[in-house]
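Below are my notes on the model, as numbered points. Please read them with the coordinates open.

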Amino acid sequence: MSLEKTVRRSFDRLYGTAPSVVVRAPGRVNLIGEHTDYNDGFVLPMAIDRAAWIALRPRTDSEVHVHSLDFDETVTFSLNNLEKSNSKWAEYIKGVAWVLRERGRLLTGWDGVVAGDVPIGAGLSSSAALELATARAFASISPIAWDAAEMARIGQQAENEWVGVSCGIMDQMISAAGQAGHALLIDCRSLETQLVPLPPGTAVVVLDTATRRGLVGSAYNERRAQCEAAAQHFGVKALRDVSLAEFEARAGELDAVARRRARHVISENARTLRAAEAMRQGDATELGRLMDASHISLRDDFEVSNDALNTIVECAQREESCYGARMTGAGFGGCAVALVQGDAAETFAARVAADYLQHSGLNASVYVCQATDGASVV
Ligand code: GLA
C-alpha cells in the first residue's frame, strides 16, 4: 500500500473521518557539491521518491495532535505554548511551528497522522523532509503563501535553533523546490535555482553502507569552523568568493589542514558548476568523472569519508555500467551515490551489494531513485 493510502486510512481510523489535506515532502540525494552549502557555494541535489507524509484536518483551536505511524506515538502540543520535549520526531514539527510563530504567522491547529519512508539517519535528509512536510501542512490550512526558498529557510532555522543541528540550506531547499526528472543547481548564497535534467539513459542509484557515525555533529561543526577561518584568511565572506587561481597563488600561506579544507570547497564549487553544464549537454561521462573527483577530494582533503564509503564507492566504480560514484551528504557513514546506465541499474545494484558484502561484511541497502517534485499538497 502506498504511504499516501496508509496515512489516509490511519487518519480515518484514529479520528473517525477523512483528512481534509494530505501533504508530502521528499528526502534528497546530492549528486555533487558537498560541504559547499555553508560556504555560500553551489550544490546539485535531487529530490527522491521517498518522503514524509502528513494527513491532517484543521482544528478550531491552537492545538496540534499528531500520531507518528513509524514511532507508534501520539504527541499533543499547543501552538501558544511550545516547549521542547524528548520526542525525537515531534521536535521537527514543533520547531517549524515555533519558527513560523517567531516570524509572525498566524497558525491554525490540526489533527494529523505522519509517516515516512526516508530511512532515518542514512544521510537522505529525513529531517528536512519532515520539516518541509510540516511547513506544507501549516501553509495548507493557515494564511501562509508557499514560497519554496522562504519555507526552506524556515525549515533550516527550525533545525538550527530548535533541534540544535547547525546544517546548511541544501537539504531543506531541495525538499522544498525539487522538480521531477531534474536535479537542482542551487546557489546557496542567493538561493537562486536552475533546473538541470538528468543525462538521458542514466539512473541515479543510492548505496547505503549500513554504517552510521554518532559524532558527525562535532566533526561537521569543526569543518565549518575551519572553512570560516580559511575565508577570513582570504579576507572574504565565504570560501565561495575565492577562485581556484587565487587559492593556488596563496595556498602556501595556509597551514596544511586549512589548505586541504579550502582546496576541497573551492574545487568542489568549480566541479559542481561544471557538472551542471555537463548535465545540460547530456554528458554522463563527464558528470561521472566529476563525481569520482569529488569523492577523492572529500576523502583526502575534507576528510569526511570512512572505510565503508570508500569501499562501496570502489565497488561501484568497478562496474562497467557506472559513470561515476561518490559519498553523498555529510559523510562519516551513510550513503554513496552512483550514476549508471539506466538499463543496467538493477543489475548494477545487485552486483555492488554482493561485492560490498564480500569486502566489508555489511549488507548495503540499494535504491534506484527517481527525481521527484518538492513539497506538495496531493
Ligand atoms: C548535511 C547538511 C547539509 C550539507 C551536507 C554536506 O546534509 O544538512 O546542509 O552541509 O551535510 O554537503
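**Notes on buried residues and helix packing**

1. Gly109 has a relative accessible area of 0% and is therefore buried (buried means under 20% relative accessible area, exposed over 50%, partly exposed in between, with a 1.4 Å probe and protein chains only). This is a predicted model, in which local features need pLDDT of at least 70 and side-chain atom pairs count only at pLDDT 80 or more, while totals for chains, interfaces and linings use all residues. Residues are numbered from 1 along each chain as its sequence is written, and side-chain values use heavy atoms, with hydrogens and water left out.

2. Gly109 sits in the loop between helix H2 (90-102) and strand S6 (110-116); helices (H or I, at least four residues) and strands (E, at least two) are DSSP runs, numbered from the N terminus. Apart from residues up to four places away in sequence, Gly109 touches Arg57, Pro58, Arg59, Asp61, Ser62, Glu63, Val64, Leu79 and Ile141 (contact means heavy atoms within 4.5 Å). Arg57 is 52 residues from Gly109 along the chain, and their C-alpha atoms are 8.7 Å apart.

3. H2 also packs on helix H3 (residues 126-141): the axes come within 9 Å and cross at roughly 50 degrees. That angle makes H2 oblique to H3. Axes are lines fitted to C-alpha atoms, for helices over the stretch in contact, and angles run from 0 to 180 degrees between N-to-C directions. Angles under 35 degrees count as roughly parallel, over 145 as roughly antiparallel, 65 to 115 as roughly perpendicular and the rest as oblique.

4. Which residues of H2 and H3 meet? Tyr92, Ile93, Val96, Ala97 and Leu100 come from H2, and Ser127, Leu130, Glu131, Thr134, Ala135 and Phe138 from H3. By class, this contact of H2 with H3 has eight nonpolar residues, two polar and one charged (Ala, Val, Leu, Ile, Met, Phe, Trp, Tyr, Cys and Pro count as nonpolar, Asp, Glu, Lys and Arg as charged, and the others, Gly among them, as polar).

5. Helices H8 (residues 256-280) and H9 (residues 284-301) pack with their axes 10 Å apart, at an angle of about 170 degrees. H8 and H9 are therefore roughly antiparallel. Their contact comprises seven nonpolar, four polar and 10 charged residues. Among the residues that meet are Arg260, Arg263 and Glu268 in H8, and Glu286, Arg289 and Asp300 in H9.

6. With 15% relative accessibility, Ser305 counts as buried. Its side chain makes a polar contact of 2.7 Å with that of Asn310 (a pair of N or O atoms within 3.5 Å; within protein, one must be able to donate a hydrogen and the other to accept it, and residues adjacent in sequence count only if both atoms are side-chain atoms). Beyond four places in sequence, the contacts of Ser305 include His295, Met327 and Phe332.

7. His67 belongs to strand S4 (residues 63-68) and is buried at 10% relative accessibility. The His67 side chain reaches the backbone oxygen of Glu73 at 3.4 Å. Other residues that His67 touches include Leu14, Tyr15, Trp89 and Val113.

8. Two non-glycine residues with positive phi deserve a check. His35 has phi near 60 degrees, lies between strands S1 (21-30) and S2 (42-43), and is buried at 5%. For Leu191, phi is about 65 degrees; Leu191 is in the loop between strands S7 (182-187) and S8 (193-197) and is buried at 9%.
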